[in-house]
Each structure stands twice: as structure tokens, then as C-alpha cells.
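Good morning, colleagues. Please look at the structure on the screen while I describe a few of its features.

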Amino acid sequence: MRDQDFFWDGVKAGKLLIQKCADCGALRQPPGAMCPHCQSLNTTSQESTGRGTVCAWIISKHPTIPDDNPRIVALIELKEGVRMISNLQGVDHTEIALGMPVEVFYADVNGATLPQFRPAGRA
């Protein structure tokens, strides 16, 4: 079993799961084999609320794709205190601000279901 399998199983079920140390309770993202706090190899997971805030972002432009729909790649701090990188959708890049509240949703991206984020309350 790979360290991140639980994460992808959660995505398939529509849940954003965070790896949790079964011994000290520390959360970590991305998943890893060993707890960086207590060095335990025992893990479990915790379901995230799927809510967080934007900590940083970039506008990703591919040289062969027109600029009319640039991808926004954002660092999201989840309410649980861990950070993850994902795409930010449903917002113009001129509207993004540090601390903007966001929520997770799941979208098909090139044939794979991925967690994405959008401004909170914009379903």
C-alpha cells in the first residue's frame, strides 16, 4: 500500500482526507511514511471540512494554450492547519486575495477526479 492511497480512496468517495499520526495525532499533508513529530509509522486519517483560505497563488500559463483561461494554482491552508496545493476555480485572478475563504469540490481534470477549490459559497 502506498502512503497516499487513502487520500485517493477518499477523493473517489467525495471526501478530503488528511493523514494523521495514530500515536501523537499530528496531521500532515502531503502524506508520508513517518510522522515528522514522533517518528511513528502508525497512521490513520481524518476527514477535512474542505474549507480553508488562500495563502499564495500563481497564474500558470502553458506556452501552447491561449491565455483566455489561465489556470490558478493556489496554496490552501485548510481549517485543520495543514496546507495543500490545488487549482482555484470559479474566480477571476484579479479577485483573489490572501486569506480568501475557499471550499473544496471535485472535478474531472483530463480524465481524473481531483480536489479543486473555489471561493466559499459559490457552488
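**A helix, an aromatic pair and a polar contact**

Phenylalanine 7 is buried, and its relative accessible area is 8%. Please keep in mind that this is a predicted model.

Let us begin with the helix. Helix α1 spans residues 5–12, and its buried residues are Asp5, Phe6, Phe7, Gly10 and Val11. What covers these buried residues? Just after α1 comes glycine 14, which has a positive phi of about 75 degrees.

I turn now to the aromatic rings. A pair of aromatic rings is described by two quantities, the distance of the centres and the angle of the planes. How many aromatic pairs are counted here? The count is one. The ring centres of phenylalanine 7 and tryptophan 8 are 4.9 Å apart and the planes stand at 90 degrees, so this pair is edge-to-face; the cut-off for that class is an angle over 60 degrees. Is tryptophan 8 buried or partly exposed? Its relative accessibility is 34%, so tryptophan 8 counts as partly exposed, whereas phenylalanine 7 is buried.

Finally, consider strand β7, which covers residues 101–109 and contains glutamate 103. Glutamate 103 has a relative accessible area of 11%, so this residue is buried, the limit being under 20%. Which residue does the side chain of glutamate 103 meet in a polar contact? The partner is the side chain of arginine 51, at 3.3 Å.

Thank you for your attention.

How values were computed:
Residues numbered from 1 in each chain as written. Predicted model: local features only at pLDDT ≥ 70, side-chain atom pairs only at ≥ 80, totals over all residues. Heavy atoms only, no water. Phe/Tyr/Trp six-rings, centres within 6.5 Å; stacked < 30°, edge-to-face > 60°. Buried < 20%, exposed > 50% of the residue type's maximum accessible area, 1.4 Å probe, protein only. Helix = DSSP H or I, 4+ residues; strand = E, 2+ residues; numbered from the N terminus. Polar contact = N/O pair within 3.5 Å; in protein donor to acceptor, adjacent residues only side chain to side chain.
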